[in-house]
Amino acid sequence: MPIDARALLHELTREARELDIGSTVGRVPASQLNSLVFYRDYVSRNKPLIITGALDHWPAVQAWTVHHILERMGEAKISVARTPHGRADSVINLDGTKYFALPEEEHMPVQEFFAGLQGSRSEVTYAQAQNNSLPEEFGPLLQDVTDLGWATEAFGRTPEATNLWIGSDDSVTSFHKDHYENMYAVVKGRKLFTLLPPSDAYRLYSQTCRVAQYRRNAAGALELQPEEPPREVPWATVDPCPASEEQMQASQLAHPEYWDPDLPSPLQAEVGPGEVLYLPSLWFHHVRQEAGADECVIAVNFWYEMAFDCKAAYARLADQLALELHSQPLPDG
Ligand SMILES: O=C(O)CCC(=O)C(=O)O
């Protein structure tokens with residue numbers, strides 16, 4: 001008897017939501033949380049959570065203005081990602097071919113970075129290096145941040161990387177997953193996460209794309225140039241926030257299971273200053289940001305090593321089924 005893999009995956013999506021995940025991301029005050037409760041109710045269940053009032057003890061929440069950061073950092077240089085449109089690390093269609101587009105990587109004085117962030121919008125810059133950037137590149141700011149003790153206790157280890165993110169409304173991070181437990185702390189502005197659990201990999205229509213990188217051409221413009229020798233990566237092709245009605249219609253045709261009203265909607269998590277999102281390992285996330293009245297959006301995230309347990313094995317099966325499913329044509333009707 002042939003197996004209807006698509007129907008089984010739809011059932012998996014619904015069952016995971018009904019049994020545990022639900023339709024919203026919970027919010028719990030840090031004062032009501034300890035390492036045991038956090039581990040028992042969220043980490044062990046691979047379930048996201050927003051923790052409010054989690055950064056009351058961080059000097060950063062009050063202190064981190066652009067002026068303060070410039071004063072502390074002096075002449076230091078930082079890594080900056082630059083694109084023409086703010087969509088680094090995402091699938092870009094160029095002359096009918098889909099590329100996985102890496103940003104141009106620059107090393108520039110902090111002062112130059114902030115001038116660009118607040119100046120012309122013809123190109124978009126984002127301090128988004130994930131190389132343990134807070135201690136490695138922003139050392140003078142480290143004293144304004146402390147490790148989240150209860151999280152470190154729950155994960156049973158110190159973070160493997162602590163990254164600082166500084167950007168504007170123009171930067172968007174495309175759907176992807178990480179092999180880390182992520183504690184994402186917002187210091188300034190708001191971050192808008194769209195989330196799907198690992199079971200829903202098939203709803204993101206990953207495609208194997210050739211890697212390309214933005215580089216400056218002879219005329220001084222950023223141009224997407226395919227990597228040599230060629231390299232390919234699988235990457236999600238769904239944009240959950242299409243820029244126009246036309247793009248929305250195209251996405252509904254190309255990605256029907258993402259938009260299917262009979263399947264549970266992706267979860268939304270809006271994380272404001274002083275709040276921390278627990279983003280469980282292997283969850284797919286798409287991230288937008290809003291500076292609002294702030295000068296820019298600033299966040300610090302802690303990546304903790306994940307457990308390669310049976311949940312990781314189920315997630316891998318879901319990934320493999322998704323790739324297999326989308327190599328088959330969609331059924332009629
Ligand atoms: O803040 C962002 O733009 C992306 C964050 C992210 O993808 C992560 O922390 O893994």
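A residue is called buried here if 20 or more other C-beta atoms lie within 10 Å of its own, exposed if 12 or fewer do, and partly exposed in between, with C-beta atoms placed from the backbone. With 21 C-beta neighbours inside 10 Å, C209 therefore counts as buried. The structure is a predicted model, in which local features need pLDDT of at least 70 and side-chain atom pairs count only at pLDDT 80 or more, whereas totals for chains, interfaces and linings use all residues. Residues are numbered from 1 along each chain as its sequence is written.

**Surroundings of C209**

- C209 belongs to strand β12, which spans residues 207-216; strands (E, at least two residues) and helices (H or I, at least four residues) are DSSP runs numbered from the N terminus.
- When neighbours within four places in sequence are set aside, the contacts of C209 are V91, K98, Y99, F100, E232, V233 and W235, a contact being a pair of residues whose C-beta atoms, placed from the backbone, lie within 7 Å.
- E106 stands 103 residues from C209 along the chain, and the C-alpha atoms of these two residues are separated by 24 Å.

**Annotated region**

- The UniProt record, an unreviewed entry, carries the annotation "domain: JmjC" for residues 128-319; such positions are given in the numbering used here, feature names are shortened, and annotations may be inferred rather than shown by experiment.
- Over residues 128-319 the chain is 19% helix and 37% strand, with 26 Å between the end C-alpha atoms.

**Shell around the ligand**

- The ligand is surrounded by W165, T173, D178, N182, Y184, K191, H285, V287, A299 and N301, where a residue is near a molecule if its C-beta atom, placed from the backbone, lies within 6 Å of it.
- At least two residues of this shell come from each of β10 (180-188), β17 (284-290) and β18 (297-305).
- By residue class, the shell divides into four nonpolar, four polar and two charged residues; Ala, Val, Leu, Ile, Met, Phe, Trp, Tyr, Cys and Pro count as nonpolar, Asp, Glu, Lys and Arg as charged, and the others, Gly among them, as polar.

**Four-stranded sheet**

- Four strands form an open, antiparallel sheet in the order β9-β17-β11-β15, two strands being paired if DSSP finds at least two bridges between them.
- Its edge strands, each pairing on one side only, are β9 (173-176) and β15 (267-271).
- Neighbouring strands of this sheet are turned by 20° against each other on average, direction ignored; axes are lines fitted to C-alpha atoms, for helices over the stretch in contact, and angles run from 0 to 180 degrees between N-to-C directions.
- β9 and β17 are joined in the antiparallel sense over two bridges, and T173 has V287 in β17 as its bridge partner.
- Strand β11 (residues 190-196) is joined to β17 by seven bridges in an antiparallel arrangement, with L195 opposite H285.
- Between β11 and β15 there are five bridges, again antiparallel, and L192 is partnered by E270 in β15.

**Three-stranded sheet**

- A further open sheet has the order β6-β3-β7, with antiparallel pairing of its three strands.
- β6 (104-109) and β7 (124-126) are the edge strands, each pairing on one side only, and neighbouring strands are turned by 40° against each other on average, direction ignored.
- Strand β3 (residues 77-83) runs antiparallel to β6 and is joined to it by six bridges; the bridge partner of A81 in β6 is E105.
- Helix α5 (residues 110-118) packs on this sheet and touches β3, β6 and β7, its direction making about 115° with that of β6.

Methods
Two residues are in contact if their C-beta atoms, placed from the backbone, lie within 7 Å.
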